Each structure stands twice: as structure tokens, then as C-alpha cells.
Amino acid sequence: MRKIIHLDMDCFYAAIELRERPELAGQPVAVGGAKDRRGVLTTCNYEARKYGIRSAMPTFLALQRCPGLVVLPVRFDLYRKESARIREIFHRWTDLIEPLSLDEAYLDVSHRPEDAAAVAAEIRRSIFAETGLTASAGIAHNKLLAKIASDWNKPNGQYEITPQATTPFMAALPVRRLWGVGEVSAKRLHERGFQTCADLQRLSQMELHTLFGRWGLELYDLCRGVDERPVEPDRERKSLSTECTYLENLTTLAACEAKLPELMADLAADLARHEAKAGQPARIHKLFIKMKFADFTRTTVERIAMEPEVSRYQALLDEGWARTGKPVRLLGIGVRFEPEEEPTPQLPLQMGP
């Protein structure tokens with residue numbers, strides 16, 4: 001049986017800043033961008049969350065909700081340094097580490113004789129002893145369940161989902177807690193009467209596919225806690241996008257354009273989370289839109305650009321609409337990241353005669 005741990009640092013950036021500035025203890029603190037730019041919060045402490053503040057929230061809105069909020073600038077160099085220290089602790093136990101961000105990772109400890117929960121507890125103890133920061137952990141036999149479990153006893157706690165407990169645990173789980181289900185997806189599920197995974201489990205694969213397309217096939221496994229993905233070290237994301245399938249088709253270009261502000265807000269929040277995870281500003285190379293029409297044909301339009309602006313997406317949307325003029329059932333926007341430069345291969349040294 002696989003033994004997977006999901007380690008998640010508690011309010012990582014804010015916790016580091018509070019450690020460096022102990023005089024801020026007890027105050028609502030957030031880390032993020034200024035309110036006069038594309039300012040969004042990357043994280044905040046639990047005092048700030050009492051005011052309804054959360055990561056990826058626009059900074060100006062957070063300050064409206066909590067005028068006393070202390071907003072500190074992002075210091076990626078410091079966070080990367082702390083992340084490297086924590087990663088070194090992980091490597092004492094396993095080399096099968098899949099980092100999801102500077103403050104989050106999957107660990108596969110299947111090869112170790114110790115109980116996985118004991119390993120997780122020792123890792124958390126070492127992190128606190130050596131950095132003064134706390135972490136939460138989820139333990140299970142796959143990544144999906146370990147990820148869900150790591151949120152169960154936050155902050156500074158851990159939770160294990162055993163194989164025997166998986167069936168009742170998943171039946172009672174709200175669909176919003178599933179991997180890949182965001183606010184838009186949860187709304188779609190709730191509108192169709194799906195509140196818990198038990199509700200989804202009553203449908204066959206064919207029924208879920210009819211309702212949700214390819215995603216329905218994924219839901220069939222997700223709502224049962226089935227996940228065969230291995231822990232994969234050094235994953236690199238190449239693009240980021242957000243999309244929505246509409247219950248009523250968008251029959252005009254104006255109707256499509258009216259959906260852009262909401263999609264842009266979702267994309268800005270996702271970009272903020274991505275930058276927080278990567279520990280550096282996103283290096284955007286291209287913008288793109290994707291459209292699925294009422295007859296299930298698709299089109300994608302993309303252009304080289306470094307800044308996601310509404311006017312640029314409007315131009316892409318105009319071009320995509322002009323290709324067919326058919327009613328649109330799915331609309332999405334996204335960015336592609338600049339690929340990392342490959343090191344120049346060194347030519348072999350030519351020896352003289």
C-alpha cells in the first residue's frame with residue numbers, strides 16, 4: 001500500500017513575516033501587492049481571515065473589510081530560502097518529493113518501515129524546531145485523499161484517512177472539497193442538486209459524462225477517493241487558464257464579451273496563487289482564449305503578449321467569434337508561460353594533434 005503525505009505550511013509568507021516582525025503578533029497581517037496596481041493578496045494570517053480576507057483577494061477589497069490590515073510586500077528571496085530549508089528536511093525521509101509550491105509538497109514514504117503518520121509528525125516537529133514555522137499534514141494512500149486530509153486539522157495539525165475509512169469519509173464529503181472543484185464548478189454541481197460526494201456516487205459513469213463531459217469521468221473516480229497519480233518530482237506548469245460552461249448558450253459576441261470581466265477576475269486570482277507558489281512573478285509569453293460551440297466544435301486563438309489585459313482578450317474573442325458565429329457553450333481565457341531557457345550545451349574540447 002502506498003503511503004503519501006501532503007505537507008502544507010501554515011500561512012507560509014505571513015508566518016515568516018511575523019517571525020521576522022514579532023511586534024505584529026496578534027494583528028491581522030497579509031502579504032501581497034499594492035492596491036494601486038494589479039494588487040492581490042498572496043496569503044494572510046488567521047487574524048485577518050476572521051474578517052473574511054483570503055488569498056487572491058484584491059488588496060483594496062481586503063482593506064475595505066479590515067482597515068487595520070497590515071499589508072506587507074512580498075519578499076520572494078526570503079521565502080525561497082526558507083522553502084529550501086524545509087525541502088532539506090523532507091529529503092531526510094524521502095527523495096520522492098513533488099513540490100506544488102514553496103510551501104506545499106507531496107511526499108511518498110511508501111519505502112519506509114515507519115507508520116506514515118509518525119513520519120509526518122516527525123517532519124512537522126523538525127520544521128518547527130529548525131525554522132519556528134508550523135505545518136499541517138494529510139496522510140493517506142493517494143494524493144487526492146492526502147491533500148484533502150491536510151486541511152482537516154489546520155493549523156499545526158495532521159489527519160489520516162485510512163483505506164478502511166475512505167468510503168464513509170468520501171460519502172459525507174462536500175463536493176466543494178474535491179480536488180479541482182472551484183467556486184464555479186461547485187455552483188454548477190449545487191445547481192444540479194449535488195451537495196456531497198454521496199450524491200455524485202449515485203450516478204453512473206455514463207450519466208456523469210452526459211452531464212459534465214470528460215470532467216464527469218474524472219468526477220466518477222474523485223467522488224470515490226480514487227486517485228492513481230504517482231508522486232512526480234520537479235513538475236513545471238506551462239500554462240494557466242480559467243473557463244466556464246454556460247447552461248444557456250451565448251448567442252452573440254456581446255454576450256461573450258460580457259463574460260470577460262468575471263473570467264478576468266478568476267484568472268487574476270489564479271495568477272496570484274501561481275506566483276505565490278512559484279516564488280516569483282509569472283513570466284507570461286502568450287495570451288489565449290478558447291471557445292466550445294453548441295455543436296461541440298472548438299477553436300483557440302492566441303497571441304504573444306506579456307500582460308493579461310481585457311482589451312487584448314476582447315481582440316482574441318472577436319477573432320474567435322468571427323471564425324464561425326455559432327452559439328458558445330464554453331468560454332475560457334488563459335496565459336502561457338515563457339519556457340525556461342535551456343542551458344547552452346558545451347562543445348567538446350578539441351585536442352590538438
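Phe169 is buried because its relative accessibility is 13% (buried means under 20% relative accessible area, exposed over 50%, partly exposed in between; 1.4 Å probe, protein chains only). This is a predicted model: local features need pLDDT of at least 70, side-chain atom pairs count only at pLDDT 80 or more, and totals for chains, interfaces and linings use all residues. Residues are numbered from 1 along each chain as its sequence is written, and side-chain values use heavy atoms, with hydrogens and water left out.

View A. The structure holds 9 aromatic pairs (rings of Phe, Tyr and Trp, its six-membered ring, pair if their centres lie within 6.5 Å; planes under 30 degrees apart count as stacked, over 60 as edge-to-face and the rest as tilted). Tyr13 and Phe76 make an edge-to-face pair, at 6.1 Å centre to centre and 80° between the planes. This pair links distant parts of the chain: Tyr13 sits in helix α1 and Phe76 in helix α4, 63 residues apart (helices, H or I, at least four residues, and strands, E, at least two, are DSSP runs numbered from the N terminus). Tyr13 and Phe76 are both buried. For Tyr159 and Phe169, the ring centres are 6.2 Å apart and the planes are at 35°, so the pair is tilted. That pair also links distant parts of the chain, with Tyr159 in strand β8 (residues 158-160) and Phe169 in helix α7 (residues 166-172), 10 residues apart. Tyr159 is partly exposed, at a relative accessible area of 27%. Phe12, Tyr13, Phe76 and Tyr79 form one aromatic cluster.

**View B. Helix α1 against helix α4.** The axes of α1 (residues 12-20) and α4 (residues 76-91) come within 11 Å and cross at roughly 100° (axes are lines fitted to C-alpha atoms, for helices over the stretch in contact; angles run from 0 to 180 degrees between N-to-C directions). Therefore α1 is roughly perpendicular to α4 (under 35 degrees counts as roughly parallel, over 145 as roughly antiparallel, 65 to 115 as roughly perpendicular, the rest as oblique). From α1, Phe12, Tyr13, Ile16, Glu17, Arg19 and Glu20 meet Phe76, Leu78, Tyr79, Glu82, Ser83, Arg85 and Ile86 of α4 (contact means heavy atoms within 4.5 Å). By class, this contact has 7 nonpolar, 1 polar and 5 charged residues (Ala, Val, Leu, Ile, Met, Phe, Trp, Tyr, Cys and Pro count as nonpolar, Asp, Glu, Lys and Arg as charged, the others, Gly among them, as polar).

**View C. Ile86 in helix α4.** Ile86 lies in helix α4. Its relative accessible area is 3%, so Ile86 is buried. Leaving aside neighbours within four places in sequence, Ile86 is in contact with Met9, Phe12, Ile127 and Thr131.

**View D. Helix α10 against helix α11.** Helix α10 (residues 205-212) packs on helix α11 (residues 214-222) at an angle of about 140°, with axes 6 Å apart. The two helices are therefore oblique to each other. Gln205, Leu208, His209 and Phe212 in α10 meet Arg214, Trp215, Gly216, Leu217, Leu219 and Tyr220 in α11. The residues of this contact divide into 6 nonpolar, 3 polar and 1 charged.

**View E. Asn156 in a loop.** Asn156 is placed in the loop between α6 (143-150) and β8. Its relative accessibility is 44%, so Asn156 counts as partly exposed. Not counting residues up to four places away in sequence, Asn156 touches Asp10, Arg124, Thr134, Ala135 and Ser136.
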